[in-house]
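Colleague: I am new to this structure and would like a close look at a single part, the place where the chains meet. Please walk me through it, then set it in its surroundings.

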Amino acid sequence: MEYLIQVLNGIQYGLLLFLLASGLTLIFGIMGVINLAHGAFYMVGAYLAYWLAKMTGSLWLALPLGVVIALAIGVLLESALIRRLYQRDHLYQVLLTFGLILIFEELRSILFGNDVHGVPIPPALNFSIPLTETLSYPVYRLFISGVCLVIAAALYFVIQKTRIGMMVRAGNSNREMAQVLGVNIPLIYTLVFAFGVALAAFAGMIAAPVSSVFPGMGNQILIICFVVVVIGGIGSIHGAMIAALLIGIADTLGKVLLPEYSGVAVYLLMAAILIWRPQGLFQAT
Amino acid sequence: MQPIPKITGLFLFLGLATLALFPFAGSTFYIQLLTKIMIMAIFAMSLDLIVGYTGLVSLGHSAFFGFAGYVLALSAPRFDTVSLWWTLPACLAATGILAVAIGALVLRTSGIYFIMVTLAFAQMLYYLFHDTKLGGGSDGIYLNARPSLAIGAFNPVDLGNKVHFYYVVLALMVAVYFLLRRVLASPFGRVLAGIKANESRVRALGFQVFNYKLGAFVLAGVLGGLAGYLSACQFGFVNPEILSWHYSGVVLMMLILGGMGRLYGAVIGAFAFVLVQEFFSYQDIFGEYAKRWQLAMGSFIVLVVLLLPQGLADLLERVGGKPAREPRDG
């Protein structure tokens, strides 16, 4: 029963990683931009949840407001900065987005200070399901998993079945050709980037009540997200899903079984997979 | 190796002269700061060999820097001095073996995957030293006495002395610079340049590309280890932070900031990065805002990327009237 809880936690963590990694892999795969600031957007989301929930008194109001703000930040950043990097070497993308991390961290420190904050779990979900006499599982964690699954399904639907998704995929496989055929690539790129930022921020918002809100939270999760993206295969959404679950469960179980080596385990897994399949588990679709 | 433009050469010579004379005028604080910067310059030059000249972007270079520091700290007895004459070769050899092992695996991948696997290996080391008791956990290890250069009773240089140590690091920085210039001008270095320009063509010419890349990776690792050894000597302390990805990121930033593929660009980048950081955190100028140096530093980096695509070294060349190089877009 204890392992069931750990596996559930692992799945929940994995699904959360998927929300982050899907945005990262889209930006990576479609736009060819390495976005180190993706973790910073996760942090921005968590702090937005903290601030908006305090202002409005409810996480349910904070979530949509936060997503709108995150989308606006995404559009702004893409049109002001990221747009200039498409034709440049990866190194400059790394450098610029590293600069963005510093800026976001400092703005966070100016606006919210350096304390750890908590975000209350909404009362409607603040209870646990008893599993045995002594063990129970918090409903809010199940809620996170459920929301992530819904978003994953929606993402799949949008990309595979809708016209806009078709344009995104066209831009992914051949930018010039898609543009010649009349797809507004700059607009698609702006949308993809803003959407990726919103996904990361949303992940931060729903995770905030569980993980609490603290400085540097973005950097911690960023590297793991890159691991997920690379294991899954750059640009592949379903690869990201499988890799995220793999990493989530490996990390959670690793912490229980071999606490001293759990940090190593994730990277060992990544190195092993990449040496076995240098292009990741799945090729981008 | 491209010849250094005259104006840059003059600037570098003046810079070197200033560094050589600095301890006669500067305070201890700045002597230590410059020592730290010169160590970072060695570190950045070693990275330039693979990133700037071979085209292998590594985001895990701190693995070698930190590993060498840890080997020194773990091999030094608790309260006794240890001789530099065996610890330095031992640390460099250990780092070299690590670089062969990591390089043989990571060089199977390329491009963005190479960036990520190098990162993965550095992270493995980070967590190994952070989570286990092997190297004192997250607290790290103190190095109570500096390695000594004594040969019998003859002890000309005391690494515990700030000024002595400063000159040792300065000499090593210059030595590494000329060593790498030599390497890059050799047939080996020409093949590396060829790999960067067009790997398949070099392979078609019959070169064992993998071996050349591995050679470059190991040499870069060993020189990165030298920087790590010196850093551990300077601070008398190692902790897992010197293995973290943040550190690999910072040294890459220095390299890009200064300008890749020039060696002296790495040196300029190290100086510019740390000095700008110090400048923005200088309270007499920025007062209360000095605590917010990260904001200024971040904006500075963003502006450099947007306005100086080829790094600071290129700015220097342009001042000298040389037309800007073609941007290396890709």
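Modeller: Start with the contact between the chains. 37 residues of chain B are in contact with 36 residues of chain A. Two residues are in contact if their C-beta atoms, placed from the backbone, lie within 7 Å. On the chain B side, the elements that give two or more residues are α5 (111-131), α10 (245-258) and α13 (293-307). Helices here are DSSP runs of H or I with at least four residues, strands are runs of E with at least two, and both are numbered from the N terminus. The largest share of that side, 13 residues, comes from α5(B). By type, the side of chain B that touches chain A divides into 23 nonpolar, nine polar and five charged residues. Nonpolar covers Ala, Val, Leu, Ile, Met, Phe, Trp, Tyr, Cys and Pro; charged covers Asp, Glu, Lys and Arg; the others, Gly among them, are polar.

A word on what you are looking at. This is a predicted model, where local features need pLDDT of at least 70, side-chain atom pairs count only at pLDDT 80 or more, and totals for chains, interfaces and linings use all residues. Residues are numbered from 1 along each chain as its sequence is written, while chains are lettered from A and ligands numbered from 1 in the order in which they are written.

Now take α13(B), one of the helices on that side. It has 15 residues and reaches 21 Å from its first C-alpha to its last, close to the 21 Å expected at 1.5 Å a residue. The expected span is 1.5 Å times one less than the number of residues. Its buried residues are W293(B), Q294(B), A296(B), M297(B), G298(B), F300(B), I301(B), V302(B), V304(B) and V305(B). A residue is buried if 20 or more other C-beta atoms lie within 10 Å of its own, exposed if 12 or fewer, and partly exposed in between, with C-beta atoms placed from the backbone. What covers these buried residues includes helices from both chains: α4 (90-112) of chain A, together with α10 and α11 of chain B.

L263(B) sits in the loop between them. Its phi is near 65 degrees, a positive value in a residue other than glycine. L263(B) is buried, because 26 other C-beta atoms lie within 10 Å.

The helices α10 and α11 (264-280) of chain B, along with α1 (6-25), also pack against the buried residues of α14(B). In that helix, residues 312-319, the buried ones are A313(B), D314(B), L316(B) and E317(B). Seen down the axis of α14(B), they fall within an arc of 155 degrees, so they line one face of the helix. The arc is that of the directions from the helix axis to the C-beta atoms. An α-helix has 3.6 residues a turn, so residues three or four places apart point the same way.

Step back to chain B as a whole. It has 14 helices and two strands. Its radius of gyration is 20 Å, close to the 20 Å that the globule rule gives for 330 residues, so chain B is as compact as a globular protein of that length. That radius is taken over C-alpha atoms, and the rule is 2.2 Å times the number of residues to the power 0.38. Of the 330 residues, 48% count as buried.

Across the contact lies chain A. It has eleven helices and two strands. A compact globule of 285 residues would have a radius of gyration near 19 Å, and chain A agrees at 19 Å. Buried residues make up 49% of those 285 residues.

One helix of chain A deserves a look. α10(A), residues 237-257, has 21 residues and reaches 30 Å, close to the 30 Å expected at 1.5 Å a residue. Its buried residues include I237(A), L246(A) and D251(A). They pack against α1 (2-31), α5 (139-161), α9 (217-232) and α11 (262-276) of chain A.

Finish with S212(A), in the loop between α8 (185-211) and α9 of chain A. Its phi is positive, about 65 degrees, although S212(A) is not a glycine. S212(A) is partly exposed, as 14 other C-beta atoms lie within 10 Å.
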